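Please keep the sequence and the structure in view while reading.

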Amino acid sequence: MEDELDYGPFDGEIPERLEEDARIKGSSRNLRTEDAENLITFEKEISLYQCSIQKAIMVTDSHFHLDKMKQQARFSGLPIYKWKDGESVYQIRHLIANYAFPRRWTTIEEIGEIRRDRRIRSTAGIHPRIVKGEEMSVLSSWITDLEMLICVNRMIAVGECGLDSSDKPNSKELKKQVHVFEEQLKLAKRQHLPVVIHCRGDKKIMNMCRDSLTNFLEEDHPIHWHCFNGDTEEYRQCKAMFPNGKFGISPFLLMDNKYPGYRATVCEMKLEDLVLETDSPYLKPQGHHEASPGLLKEIIWKLASMFHVHSEEIARVTTRNASQLYNIN
């Protein structure tokens, strides 16, 4: 409903009109008795207004695909993602939209639309799996366009980008992936922006990915290991190389049938290293009707049970981590 949209005062704030009325009513020290009574009543109303609103615990979806969601037949805009758990209320405060396919990069009209929704931040990059079928001239053009897109539209990160051997690229195709990846790393360094890393494949691919990162970025560069599904050893290696890196915990956590060892790895990770992401609408756990940012509710519950802490702690720490990684308030 329109009066529930998260574009007005945030939970716990007093509308400017009420504050202005309070200043006007309290501006005179020589109030008549009736005016004084009215002022007292008004101040009580403000107090009741503040008490009646339960301050929501804010949550961040650090990675989703708005461009893909908009292609869905029934999409009519992002709703307010808000839910209650016991006595606590949770609300998604920020959603980071990832544009990783050049042919679906945002248009001027879309950028204007995105900016009207204050929850959304954006990143842009070139996904490694689309490199395979493109000529180098096209890829070079995309790399040039990418820097302009990021600078003009004040994107908050480069990526997702990286390496992917899941569709079995040959050596020439893999070499192209490495080139495009490293060009994006150079861009991230020039623009002082975080990098969103997509790395899928065997340990050789993971080593190649880390080699490129260490060759082009400083140790303190902020990195988002998107949908991280490596083992404990890979987690420790990545953390040692880039201490400021954060690891995306995704709906993999809800997909035991497909990722049976994932929970065991996550249990070995530090909560201070984690950010939450849904990668929606691509990841749909079994038994769920849709893949959307609303899956954060289930991810938070699952993490809370695994780390033996309250859901509030998971929400607060991971939201703080995302804010630090992407420099968002």
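The model is a predicted one, in which local features need pLDDT of at least 70 and side-chain atom pairs count only at pLDDT 80 or more, while totals for chains, interfaces and linings use all residues. Residues are numbered from 1 along each chain as its sequence is written, and side-chain values use heavy atoms, with hydrogens and water left out. Helices (H or I, at least four residues) and strands (E, at least two) are DSSP runs, numbered from the N terminus. Two strands are said to pair if DSSP finds at least two bridges between them.

E3 and E4, the latter covering residues 120–124, pair in the parallel sense over five bridges. Strand E1 (residues 57–64) also pairs with E3 in the parallel sense, here over six bridges; threonine 60 stands opposite histidine 94 in E3. Strand E2 (residues 82–85) runs antiparallel to E3, and four bridges join the two. Lysine 84 stands opposite valine 89 in E3. Two residues separate E2 from E3 in a hairpin, and glycine 86 in the turn has a positive phi of about 65°.

How many of the residues of strand E3 (residues 88–99) are buried? Twelve of its twelve residues are buried, where buried means under 20% relative accessible area, exposed means over 50%, and partly exposed lies in between (1.4 Å probe, protein chains only).

Side chains of opposite charge can pair when their charged atoms come close. A salt bridge is counted when a side-chain nitrogen of Lys or Arg is within 4 Å of a carboxyl oxygen of Asp or Glu. By this rule the count comes to twelve salt bridges. One of them joins arginine 103 to glutamate 134, with the closest N and O atoms 2.9 Å apart. Arginine 103 lies in the loop between E3 and helix H4 (108–116) and glutamate 134 in the loop between E4 and helix H5 (136–152), so the pair ties together parts that are 31 residues apart in sequence. Arginine 103 counts as exposed because its relative accessibility is 65%, whereas glutamate 134 is buried, at 14%.

Arginine 190 forms a salt bridge with glutamate 147, and here the closest N and O atoms are 2.7 Å apart. This pair links distant parts of the chain, as arginine 190 is in helix H6 (residues 171–191) and glutamate 147 in helix H5, 43 residues apart. Arginine 190 is partly exposed, with a relative accessible area of 47%, and glutamate 147 is partly exposed at 22%.

A further salt bridge joins arginine 236 and glutamate 268, whose closest N and O atoms are 3.9 Å apart. Arginine 236 lies in helix H8 and glutamate 268 in the loop between helix H9 (262–267) and strand E9 (274–276), so the pair ties together parts that are 32 residues apart in sequence. Glutamate 268 is partly exposed, with a relative accessible area of 47%.

Where is glycine 230 found? Glycine 230 is in the loop between strand E7 (223–225) and helix H8 (232–241). Glycine 230 counts as buried because its relative accessibility is 11%.

Lysine 203 is 27 residues from glycine 230 in sequence, and their C-alpha atoms are 9.2 Å apart in space. Lys203 is also linked with Asp231 and Glu234 in a network of salt bridges.
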